Amino acid sequence: MPRPRLILLPGKEKSLLRRHPWLFSGAVSRIEGAPQDGDLVDVADARGQWLAAGHFQQGESIICKILSFDTPHIDDDFFRRRFQSAIDYRKNLGFAFNTPYPGRSGVGGEATNVFRLVHAEGDLLPGLVADWYNGVLVLQAHSLGMHRLFPLFVDLLRPLLEPYGLVVLFDKSSATCPGAPADGYLWHAGTLPADDWEICEHGNRLLINFFEGQKTGFFIDQRENRALVQQLAAGHRVLNCFGYTGGFSLAALRGGAEYVETVDISKKAIALCNRNVELNFGPAAPHRGVAADVLDYLASPARTASPASNASTFDFIVLDPPAFAKNHRSLQAGLRGYRSINQRAMEALPDGGLLMTFSCSQAVSVDDFRTMVFTAAANAKRQVRIVRNLPHAADHPVSVYHPEGEYLKGLLLEVFSV
C-alpha cells in the first residue's frame, strides 16, 4: 500500500532541494491519503516528483520532519546506519563510552562519561535526542513519529552499545509525547539506577536525577564552556546564576575560585547543587547555594554581602538562563528578559570583571543575541570586550543545511569603565 503523500505548491520545493529538514504546512497544496500524527509520509513537488520522506505532524507549523532526501525506503537498516554513524562520530572525537569505575560509583580522576549521542537534525534524525550518562542512555522524542519507534530503537541500540557498558535505556519524552512509560524505563540490565545517578565531567562528580532533571537530566551542551570556567576561575569570586545543580559552580571550584555562589529559583536544584559541591570538595567548600529569583537577586544589595565571603563584589558572573523566547511569538519579550539580566550583571561587575552569558532560545538569532548584549552594555554605561564566542559542544553537531540547530549562543565578556 502506498504511503500518504504531501504535494507541495508550485515553487515551494526550494527548501527541500537545499536539504532543509523541516517542511512547513504553508508549503503544502494537498494531502493524498489520510496520514495520522507520526506516520511516515512522502513529499512530492507540484508535478508529483518525489523529494523526501519523513514523519508527519498533524496540526503543527512544521508539518513534516524529513528523514531522507535520498531514498524513500525507511527501514530498520536505515536507522541502524544512522545510529552507527552517530556512535562513530563521537568515538572519533574521543568520547569514551565505557568507564573504568565498577558499579558506576566513586567516580574520580579526569574521566568524562557523559555526552550527547544523537543530536536530532545534526545526526540526520530530526525529532530524536539521545544522551549517554555513564552507562544509561536517555532518549527524548520531539515528534510522535520518533517516539513510536522507541521499541525498534531499543532493539537497534542494545547490540551497538552493550559492549560499552549499557545498563539502561530510559524514555524522557513524557512532556512532549504522551504515552511514555510511567517509570521511564525502556530496557535495563541488572540493578536499576538509584534516584541519583553519578556521572563525571572533567574530574567533577555529579549526581543527576533522570525523573526530575531538566532536559534529559543535565545540561550536557555546556560541557566545554564549563571547562573554560574551570580554566579561568583561579582567584575569582564567581556568581553562577540560573545555576541548576551546580555544573558551572563545580568547574569554578575545581579551577581554584576564591568563593562561589549558586543562585536558582528551584529549591530542589539548589539542594542537589549543595550535595554535588560537598561530594567533590567537602562541607567546608567556599560555596553557598541560594534559592531565589535571579532578577530579584541581582537587584538586591545582599548579592554582595554573603556571610560566607569576605568579597565585596563578584568579579566573574555566569548567566545561563532557560529559554526566555520559546518561539518567535515570544521573541521580543524574551529579548527584554535577556537584556535586563545582562544589564544588571554588567552594572554589578567591577572593572575587569568577566561575564559569561548565554541564550539557549532557538528563536533568538546570533544577531539578536549580539544586539541584546550591545543594548545591555549601553544601558549599563559600561565598556565591554568580547573575549570569546561560546557555542555548544562538539557532540551537538549542526547540519550545514539546518543552521537553526545552532541554538546555543554564548559570549565571554570583559566589563570595564573608562
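## Close-up views of a predicted model

View 1. Asp 315 sits in the loop between helix H8 (294-299) and strand E17 (316-319). Why does Asp 315 count as buried? Its relative accessibility is 13%, and buried means under 20% relative accessible area, exposed over 50%, partly exposed in between (1.4 Å probe, protein chains only). Leaving aside neighbours within four places in sequence, Asp 315 is in contact (heavy atoms within 4.5 Å) with His 236, Arg 237, Leu 349, Pro 350, Gly 353 and Leu 354.

This is a predicted model, in which local features need pLDDT of at least 70, side-chain atom pairs count only at pLDDT 80 or more, and totals for chains, interfaces and linings use all residues. Residues are numbered from 1 along each chain as its sequence is written, and side-chain values use heavy atoms, with hydrogens and water left out.

View 2. Of the 5 residues in strand E14 (residues 237-241), 5 are buried. Arg 237, Leu 239 and Cys 241 cover one side, with Val 238 and Asn 240 on the other. Helices (H or I, at least four residues) and strands (E, at least two) are DSSP runs, numbered from the N terminus, and two strands pair if DSSP finds at least two bridges between them. E14 pairs in the parallel sense with strand E15 (residues 259-264) over 5 bridges, and Val 238 stands opposite Val 260 in E15. From E14 the chain crosses through H6 to E15, a right-handed β-α-β crossover: with the strands pointing away from the viewer, the path from the first strand over the helix to the second runs clockwise. E14 also pairs with E17, again in the parallel sense, over 4 bridges; there, Leu 239 has Ile 317 as its bridge partner.

**View 3. The largest nonpolar core.** A nonpolar core is a set of buried Ala, Val, Leu, Ile, Met, Phe, Trp, Tyr and Cys residues joined through side-chain atoms within 4.5 Å. The largest one has 38 residues, and Trp 197, Phe 210 and Met 356 are among those with the most contacts inside it. Helix H6 (residues 247-254) gives the largest share, 5 residues. Apart from this core lies another of 33 residues, including Ile 74 and Leu 128.

**View 4. A mixed sheet of 5 strands.** The open sheet runs in the order E7-E8-E9-E10-E11, with mixed pairing. Strand E7 (114-119) and strand E11 (185-188) stand at the edges, each with a single partner strand, so one side of each has no neighbour in the sheet. E11 runs antiparallel to strand E10 (residues 168-171), joined by 3 bridges, and Phe 170 has Tyr 185 as its bridge partner in E11.
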